Amino acid sequence: MNKWTNISVWTLMLLAIVSLGGCGEDTTDNTLQVSAPQALAEARQVMYEGVVSSDPIVRLHATEALDYSVGAEAGDVFIAGLTDESDGVRFASAMAIGDHEYAPAAEVLKLRFVEEESKMVRPGLIYASYRLGDNSHMEELAKLLFDAD
């Protein structure tokens, strides 16, 4: 009986060693491999999906990401963002228009000056207008710099 006990113990130990350590070296390559064009396309898709999110913070970050990575190519998104319900998205959209001097937004900017009441957004509109050659709102910017809000 002692002989069978020893064989059983050694067998269990061998099984434990094999199951924990494996039978040999793992030769599979577990590195992530993605093509750069595919990664870029997927990132753009995520950003464009983000600008229509129900979460204003996601829309804000997606707008900023498009500003930094895609640029003027996303100009229509920036124009649409000027009427977003979120002050942050409207501001980021105006800043993106200014950053890229996106001329097709000039007429929309003029309309936004009439309708926009947020003191947070107006400096972005002034910046965008200035970058598009309209410096008629610079006096307002000076007043906003010293506004208590």
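The buried residues of H7 pack against H5, H6 and helix H8 (138–145). Helices here are DSSP runs of H or I of at least four residues, numbered from the N terminus. Contact means heavy atoms within 4.5 Å. Buried means under 20% relative accessible area, exposed means over 50%, and partly exposed lies in between (1.4 Å probe, protein chains only). H7 itself covers residues 122–131, and its buried residues are Arg 122, Gly 124, Leu 125, Ile 126, Ala 128 and Ser 129. Just after H7 comes Gly 133, with a positive phi of about 100°.

This is a predicted model: local features need pLDDT of at least 70, side-chain atom pairs count only at pLDDT 80 or more, and totals for chains, interfaces and linings use all residues. Residues are numbered from 1 along each chain as its sequence is written, and side-chain values use heavy atoms, with hydrogens and water left out.

Now go to helix H3. It runs over residues 56–69. Which residues of H3 are buried? They are Arg 59, Leu 60, Ala 62, Thr 63, Leu 66 and Asp 67. Seen down the axis of H3, these buried residues fall within an arc of 170°, so they line one face of the helix. The arc is taken from the directions from the helix axis to the C-beta atoms. An α-helix has 3.6 residues a turn, so residues three or four places apart point the same way. The cover over the buried residues of H3 includes helix H2 (36–50), H4 and H5.

Both ends of H3 have a local feature. At the start, a side-chain oxygen of Asp 55 reaches to within 2.9 Å of the backbone nitrogen of Ile 57. That is a polar contact: a pair of N or O atoms within 3.5 Å, where within protein one must be able to donate a hydrogen and the other to accept it, and residues adjacent in sequence count only if both atoms are side-chain atoms. After H3 comes Gly 71, whose phi is positive, near 80°.

Arg 59 leads on to the charged pairs. The structure holds twelve salt bridges (a side-chain nitrogen of Lys or Arg within 4 Å of a carboxyl oxygen of Asp or Glu). Asp 84 forms one with Arg 59, the closest N and O atoms being 2.9 Å apart. Asp 84 lies in the loop between H4 and H5 and Arg 59 in helix H3, so the pair ties together parts that are 25 residues apart in sequence. Both Asp 84 and Arg 59 are buried. Glu 85 also forms a salt bridge with Arg 59, with the closest N and O atoms 3.9 Å apart. Glu 85 lies in the loop between H4 and H5 and Arg 59 in helix H3, so this pair ties together parts that are 26 residues apart in sequence. Is Glu 85 buried or exposed? At 69% relative accessibility, Glu 85 counts as exposed. Arg 59 is at 6%, which counts as buried.

The loop between helix H4 (75–81) and helix H5 (87–99) also holds Leu 82. At 1% relative accessibility, Leu 82 counts as buried. Leaving out residues up to four places away in sequence, Leu 82 touches Arg 90, Ser 93, Ala 94, Ile 97, Val 108, Leu 109, Arg 112 and Leu 125. The C-alpha atoms of Leu 82 and Ala 92, ten residues apart along the chain, are separated by 8.6 Å.

Arg 112 picks up from Leu 82. Arg 112 lies in helix H6 (residues 106–115). At 9% relative accessibility, Arg 112 counts as buried. A polar atom of its side chain lies 3.1 Å from the backbone oxygen of Leu 82. Leaving out residues up to four places away in sequence, Arg 112 touches Leu 82, Thr 83, Arg 90, Arg 122 and Leu 125.

Arg 112 also belongs to a network of salt bridges that links Asp 87, Arg 90, Arg 112, Glu 115 and Glu 116. Arg 90 is buried, with a relative accessible area of 9%. Asp 87, at 30%, counts as partly exposed.

One loop remains. Glu 101 is found between H5 and H6. Its phi is near 45°, a positive value in a residue other than glycine. At 43% relative accessibility, Glu 101 counts as partly exposed.

Technical notes: Helices (H or I, at least four residues) and strands (E, at least two) are DSSP runs, numbered from the N terminus. The expected span of a helix is 1.5 Å times one less than its number of residues.
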